[in-house]
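User: I would like to learn how to read the features of a protein model. Could you take me through one, step by step?

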Amino acid sequence: MSPICTHCSRVQQWECDENEHMNAQFYADRFQQAAAEFARVANLVRPPDWEQRLTLRFHGEAQAEQPLVIESALIEDYPQGYAIGHRLLAASSGQLLASTIDRSPWQPQNLSIPSRPFEPRFDNPGENPNADAPKTEEDALRAGGFASGGITIGPADVDAAGHCLNRLHVGLFGDGAAIAWQVMELSRDVLQSHRWGCMVVNLSMVILSSLKPGIAVKQVSRIVKLRSRTVTLRHDQFNVVTGEPIARSLATGLLVSLDTRRAIAFPPEINLNKYEYLPE
């Protein structure tokens with residue numbers, strides 16, 4: 001099946017950070033819209049109980065007022081089944097800005113797509129949020145995590161089928177990342193004084209259950225490892241009432257110069273010995 005256009009839009013000012021670059025949660029929102037359109041065209045259905053597995057990679061930066069398009073296709077990338085691939089492009093230049101591989105268990109419903117069992121997985125075990133995942137909030141805190149946010153799901157946070165929008169999870173992951181930077185002594189004031197910025201380049205996420213309005217969510221984040229130019233962050237979200245895990249992610253972030261938009265080494269004042277430090 002050849003790639004098809006599944007989404008067209010323009011980056012709104014309110015979707016951007018202080019540098020007028022689109023926030024990560026709105027990449028996730030557009031990819032979710034593209035997945036719904038692709039599922040409609042390809043006649044794929046979402047099982048009642050499923051586990052979403054998504055890997056987002058950021059190749060460029062979508063800017064305010066920029067027109068965007070998404071191309072989607074089935075990818076036969078492993079023997080047991082298919083994944084859906086999405087590419088977010090700048091509409092005018094065709095520049096690749098972001099991509100995602102969706103290995104959620106979509107079920108084919110017609111003969112135009114070979115019906116084979118789906119086996120959701122991640123290419124790189126180091127990108128699998130399920131690996132060594134804490135089962136409870138207490139486990140996450142004991143592993144060195146810190147409280148990094150929470151939210152109560154509202155009616156505007158779900159789609160027409162009542163499923164929680166992915167942007168809510170990714171927005172909360174972003175809140176956790178902001179707190180992690182402060183834990184690393186890179187506060188907003190420090191970043192602004194040096195004209196530094198924080199950027200995510202890879203995000204692997206697993207959504208374990210679909211949330212309904214009224215459910216309260218709590219998040220715990222942890223700095224997993226630090227290299228000279230990259231940091232790996234883990235975020236775990238839990239149902240406040242039942243304590244069950246709801247969503248997980250592993251994210252790779254960079255410290256960048258806002259003048260050159262290139263990655264720079266973490267400053268020496270960060271105590272690398274506090275984290276699992278691995279040289280590049």
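User: Which residues is Glu-65 in contact with, leaving aside its neighbours within four places in sequence?

Analyst: A contact is a matter of heavy atoms within 4.5 Å. This is a predicted model, and in it Glu-65 is in contact with Arg-10, Val-11 and Gln-13, once neighbours within four places in sequence are left aside. Glu-65 sits in the loop between β3 and β4. Glu-15 lies 50 residues from Glu-65 in sequence, with 10.0 Å between their C-alpha atoms.

User: Is Glu-65 buried, exposed or partly exposed?

Analyst: Read the relative accessible area: under 20% is buried, over 50% is exposed. Glu-65 has 38%, so it is partly exposed. Its backbone deserves a look too: phi of Glu-65 is near 75°, a positive value in a residue other than glycine.

User: Where does Asp-132 lie, and what is its phi?

Analyst: Asp-132 lies in the loop between β7 (107-108) and α2 (137-142). Its phi is near 55°, again positive in a residue other than glycine. Asp-132 counts as exposed because its relative accessibility is 76%.

User: What does Arg-30 contact, leaving aside neighbours within four places in sequence?

Analyst: Start with its place: Arg-30 is found in helix α1. Its relative accessible area is 4%, so Arg-30 is buried. Leaving aside neighbours within four places in sequence, its contacts include His-7, Ser-9, Arg-10, Val-11 and Glu-15. Met-22, Leu-68, Ile-70 and Leu-88 are also in contact with Arg-30.

User: How much of the chain as a whole is buried?

Analyst: The protein chain has 280 residues, and 48% of them count as buried. It has four helices and twelve strands. Next, ask how far apart in sequence the contacting residues are. Among contacts with a separation of 6 or more, 71% come from residues 24 or more positions apart. The chain exposes about 13,300 Å², of which carbon and sulfur atoms supply 51%.

User: Which residues have the most contacts inside the largest nonpolar core?

Analyst: A nonpolar core is built from buried residues joined through side-chain atoms within 4.5 Å. The largest here has 34 residues, and those with the most contacts inside it are Tyr-27, Leu-56, Leu-88, Leu-203 and Met-205. Elements giving two or more residues to this core include α1, β3, β4 (67-78), β5 (81-90) and β9 (196-207). Helix α1 gives the largest share, five residues. There is also a second, separate core of 15 residues, including Phe-146, Ala-180, Leu-191 and Ile-270.

User: How many aromatic pairs are there?

Analyst: Ring centres must lie within 6.5 Å, and the angle between the planes then gives the type. The count comes to three aromatic pairs. One of them is Tyr-27 with Phe-58: edge-to-face, 5.0 Å centre to centre, with 90° between the planes. Tyr-27 lies in helix α1 (residues 24-42) and Phe-58 in strand β3 (residues 52-58), so the pair ties together parts that are 31 residues apart in sequence. Both Tyr-27 and Phe-58 are buried.

Trp-181 and Phe-266 form a tilted pair, 6.0 Å centre to centre and 35° between the planes. This pair links helix α3 to the segment after β12 (245-257), across 85 residues. Trp-181 and Phe-266 are both buried.

User: Why does the span of helix α3 agree with its number of residues?

Analyst: Compare the expected span with the distance between the end C-alpha atoms. At 1.5 Å a residue, the 18 residues of α3 (residues 166-183) should span 26 Å, and its end C-alpha atoms are 26 Å apart, so the two agree. The buried residues of α3 include Leu-168, Val-170, Leu-172, Phe-173, Ala-177 and Trp-181.

User: How many disulfides does a search of the whole structure find?

Analyst: A disulfide is a covalent bond between the sulfur atoms of two cysteines. The search finds zero. Take Cys-5: the closest cysteine sulfur, in Cys-8, is 3.7 Å from its own, too far for a bond. The cut-off is 2.5 Å. Cys-5 is partly exposed, with a relative accessible area of 48%. Cys-16, at 17% relative accessibility, counts as buried.

Notes: Residues are numbered from 1 along each chain as its sequence is written. This is a predicted model: local features need pLDDT of at least 70, side-chain atom pairs count only at pLDDT 80 or more; totals for chains, interfaces and linings use all residues. Side-chain values use heavy atoms; hydrogens and water are left out. Buried means under 20% relative accessible area, exposed over 50%, partly exposed in between (1.4 Å probe, protein chains only). Accessible areas come from the Shrake-Rupley method with a 1.4 Å probe; for residues, only the protein chains shown count as cover. The expected span of a helix is 1.5 Å times one less than its number of residues. Rings of Phe, Tyr and Trp (its six-membered ring) pair if their centres lie within 6.5 Å; planes under 30 degrees apart count as stacked, over 60 as edge-to-face and the rest as tilted.
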